[in-house]
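Reader: I would like to learn how to read a few features of a fold. Could we look at it together?

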Amino acid sequence: YFIDEKYEPKTTYKISGEPYHHITHVMRMKEGAQFYLVFSDQVVIQVEIIGIYSHEVHVKEIAKENQEKELSLAITVACGYPKGDKFEWIVQKATELGAAEFIGFPAKTSVVKWDEKKLAKKQQRLAKIAREAAEQSQRSVLPKVHLLSKQEDFLTLFSHYDYVLVAYEESAKQGETAELVHLLQTVQNNSRVLAIFGPEGGFLPEETTAFLQKQAVLCGLGPRILRAETAPLYLLSAVSYHLEL
Ligand code: SAM
């Protein structure tokens with residue numbers, strides 16, 4: 001469970017709110033049950049339940065978790081809004097595969113048109129999905145989700161990243177995958193990578209031109225055209241294979 005505070009050694013940790021509800025009502029854990037707590041500074045400890053009260057679970061620390069669960073690249077998955085609930089699916093699976101953050105933005109061919117109210121609701125739902133997936137995968141980072149209402153706002157974020165890669169099917173058709181290989185071979189540990197994926201209709205030339213003006217590179221992900229929800233998972237799996245296996 002992710003805890004919204006920094007790690008500080010204590011004899012008893014008190015868990016309330018949503019994690020309390022999940023531990024007692026969903027998982028129906030009893031005294032003696034063990035699980036992991038993840039603090040906001042990414043410290044992970046294994047704990048055991050020593051008491052269950054009406055609004056709190058009390059646990060004690062048993063051991064520190066030392067196995068690194070995070071990719072050595074912080075990969076932000078940015079998607080032009082795909083149809084229906086595909087973004088939910090992307091957030092869940094890409095969190096399992098190690099994505100550091102998610103950004104949604106309206107691409108020119110995005111079919112869905114969400115107003116601010118709908119975006120706020122959707123962002124809340126996606127954040128919940130990311131949290132559950134991160135807990136399930138025992139991540140030590142809880143990926144944040146930002147849903148934007150304008151593509152121009154998205155372009156202003158590029159400067160925050162060390163490397164911006166646009167997954168582009170036209171590059172794939174030309175066999176241009178060198179940028180991905182280059183990324184895998186040369187990028188430094190802990191670099192921040194922004195990986196951008198189009199919706200079902202892909203990107204229009206005017207969009208890729210705008211991305212290129214902001215120092216992005218276009219890249220194919222192998223010879224087959226993948227669905228909008230498959231492409232981010234392919235990239236994360238390729239990075240994991242290269243860096244972790
Ligand atoms: N309508 C597009 C076409 O047929 O050319 C396909 C768009 S694809 C379903 C959705 C998104 O996935 C693309 O915008 C791209 O970001 C990514 N994508 C899918 N296959 C890819 C590949 N082989 N290489 C790079 N990106 C790919």
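Reader: How many nonpolar, polar and charged residues does the shell around the ligand have?

Author: Classes first: Ala, Val, Leu, Ile, Met, Phe, Trp, Tyr, Cys and Pro count as nonpolar, Asp, Glu, Lys and Arg as charged, and the others, Gly among them, as polar. Here the shell around the ligand has 10 nonpolar, 5 polar and 4 charged residues. Please keep in mind that this is a predicted model, in which local features need pLDDT of at least 70 and side-chain atom pairs count only at pLDDT 80 or more, while totals for chains, interfaces and linings use all residues. Residues are numbered from 1 along each chain as its sequence is written.

Reader: Which residues come nearest to the ligand?

Author: A residue is near a molecule or strand if its C-beta atom, placed from the backbone, lies within 6 Å of it. Of the 19 residues around the ligand, the nearest are Ala 167, Ala 172, Gly 198, Gly 202 and Leu 221.

Reader: In what order do the 6 strands of the open parallel sheet lie?

Author: Helices (H or I, at least four residues) and strands (E, at least two) are DSSP runs, numbered from the N terminus. Two strands pair if DSSP finds at least two bridges between them. In this open sheet the order is 7-6-5-9-8-10, with parallel pairing. Strand 7 (144–147) and strand 10 (217–219) are the edge strands, each pairing on one side only. From one strand to the next the twist averages 20°. Within the sheet, strand 8 (residues 163–167) is joined to strand 9 (residues 192–197) by 4 bridges, and Val 166 stands opposite Ile 196 in strand 9.

Reader: What is the order of the 4 strands in the antiparallel sheet?

Author: That open sheet has the order 1-4-3-2. Strand 1 (13–15) and strand 2 (34–38) each have a single partner strand, so one side of each is left without a neighbour in the sheet. Neighbouring strands of this sheet are turned by 45° against each other on average, direction ignored.

Reader: At roughly what angle do the axes of helix 2 and helix 3 cross?

Author: Axes are lines fitted to C-alpha atoms, for helices over the stretch in contact, and angles run from 0 to 180 degrees between N-to-C directions. The axes of helix 2 (residues 86–96) and helix 3 (residues 116–136) cross at roughly 30° and come within 8 Å. Angles under 35 degrees count as roughly parallel, over 145 as roughly antiparallel, 65 to 115 as roughly perpendicular and the rest as oblique. Helix 2 and helix 3 are therefore roughly parallel to each other.

Reader: Which residues of helix 2 meet helix 8?

Author: Two residues are in contact if their C-beta atoms, placed from the backbone, lie within 7 Å. Ile 90, Lys 93 and Ala 94 in helix 2 meet Pro 232, Leu 233 and Leu 236 in helix 8. By class, this contact has 5 nonpolar, no polar and 1 charged residues.
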